[in-house]
Amino acid sequence: MSIVRLSILVLILGMFSSHDHNCEHADLITKIGSPAVLDEDDGFPTNGASDGRRLEAYPTRPIRIIGDFSAWENTDAKFTAYIKSTIFPRVQAFLASYISVNDNTKISAFSNSPCSSQFITPDVYKTNSIDADLILFFVPRNDEATYLASAATCMVRGYNKRPVVGLVNVNQF
C-alpha cells in the first residue's frame, strides 16, 4: 500500500473515531476567566514619539521573566529543585532569546488577579513594583491526569495588552 493511500485511510478512520479529550488548559481558562488589566497609570514616557508610536522611541531588549515558586513549600524537594534550577532557567533563557520588549520596565503592585483562586499572591507583589516584564507563578498540582503543565494569562498591561502576570500549573502526578 502506498504512503498516499495509507495517509488517506488514516485520515478517514480518524474522522469516524471518537476521542474523549479533556483539555486541562481549557479547564484552567474556564476557572480563572479573562485576564485582569493591570491597574497602572498610563504614564509611559513618550521620549518625543508621536501619539500611537511611543514604543518606537525605545530600543528593544530581551524580556525579563521572574519565576515565583512560593507555592512549592510543601512539595517534593528533589522535584522542586529540578523545576527551579533546571527547567525554569532553560525556559527563561529560551524565551529571552526569542522575545524582545521595549516598554515600561516595572510591573506595578497588585493584590489580586483572576488567578488568585489558584494561589495566594505573596505580599511582596501587593506592596512593591517589580523590576521585570513578566511574573510567572508556578503552582504544583497532583492531578491524576495526563498533562505535564498548563498555563494561563492572569494580568495584562492596560496600554498594549501584553501579559505581565501568568500562572503555570505543573502536574507532579
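## A pocket, a disulfide and an aromatic cluster

Helix H3 gives the most to the lining of the largest pocket, with six residues. This is a predicted model, in which local features need pLDDT of at least 70 and side-chain atom pairs count only at pLDDT 80 or more, while totals for chains, interfaces and linings use all residues. Residues are numbered from 1 along each chain as its sequence is written, and side-chain values use heavy atoms, with hydrogens and water left out.

**The chain**

The chain has four helices and seven strands. Both are DSSP runs, numbered from the N terminus: helices are H or I with at least four residues, strands are E with at least two. From the N terminus on, the order is α-α-β-β-β-α-β-α-β-β-β. Buried residues make up 32% of the 173 residues. Buried means under 20% relative accessible area, exposed means over 50%, and partly exposed is in between (1.4 Å probe, protein chains only).

The largest pocket has a volume of about 190 Å³. Of its 13 lining residues, the closest to the centre are Ile83, Ile87, Leu148, Ala149 and Val170. Helix H3 (77-98), strand S5 (134-141) and strand S7 are the elements that each give two or more residues to this lining. By class, the lining has 12 nonpolar residues, one polar and no charged.

Some terms need their rules. The search uses a 1 Å grid over the protein atoms alone; a pocket is an open set of points with protein on both sides within 12 Å along at least five of seven lines, and lining residues have an atom within 4 Å of a point. Grid points are joined across faces, edges and corners, and the volume is the space filled by probe spheres set on the points. Ala, Val, Leu, Ile, Met, Phe, Trp, Tyr, Cys and Pro count as nonpolar, Asp, Glu, Lys and Arg as charged, and the others, Gly among them, as polar.

**The disulfide**

A search of the whole structure finds one disulfide, a pair of cysteine sulfur atoms within 2.5 Å. Cys115 and Cys154 form it, with their sulfur atoms 2.0 Å apart. Cys115 lies in the loop between strand S4 (100-101) and helix H4 (123-127), and Cys154 in strand S6 (residues 149-156), so the pair ties together parts 39 residues apart in sequence. The link is left-handed, with -100° about the S-S bond. Both Cys115 and Cys154 are buried.

**The aromatic rings**

A pair of aromatic rings is described by the distance of the centres and the angle of the planes. Rings of Phe, Tyr and Trp (its six-membered ring) pair if their centres lie within 6.5 Å; planes under 30 degrees apart count as stacked, over 60 as edge-to-face and the rest as tilted. The count comes to nine aromatic pairs. Two of them are set out here.

| Pair | Centres apart | Plane angle | Type |
|---|---|---|---|
| Phe69 and Trp72 | 6.1 Å | 65° | edge-to-face |
| Trp72 and Phe79 | 5.9 Å | 25° | stacked |

Trp72 is buried, at 4% relative accessible area. Phe69 is buried too. Phe79 is partly exposed, at 23%. Phe69, Trp72, Phe79, Phe88 and Phe138 form one aromatic cluster.

**Two more residues**

Arg162 is found in the loop between S6 and strand S7 (163-171). Arg162 counts as buried, at 14% relative accessibility. Ile66 lies in strand S3 (residues 65-68) and is partly exposed, at 29%. Ile66 and Phe137 are 71 residues apart in sequence and 8.5 Å apart in space, C-alpha to C-alpha.

Terms used. 1 Å grid on protein atoms, 1.4 Å probe; cavity = no way out; pocket = protein on both sides within 12 Å on 5 of 7 lines; lining within 4 Å.
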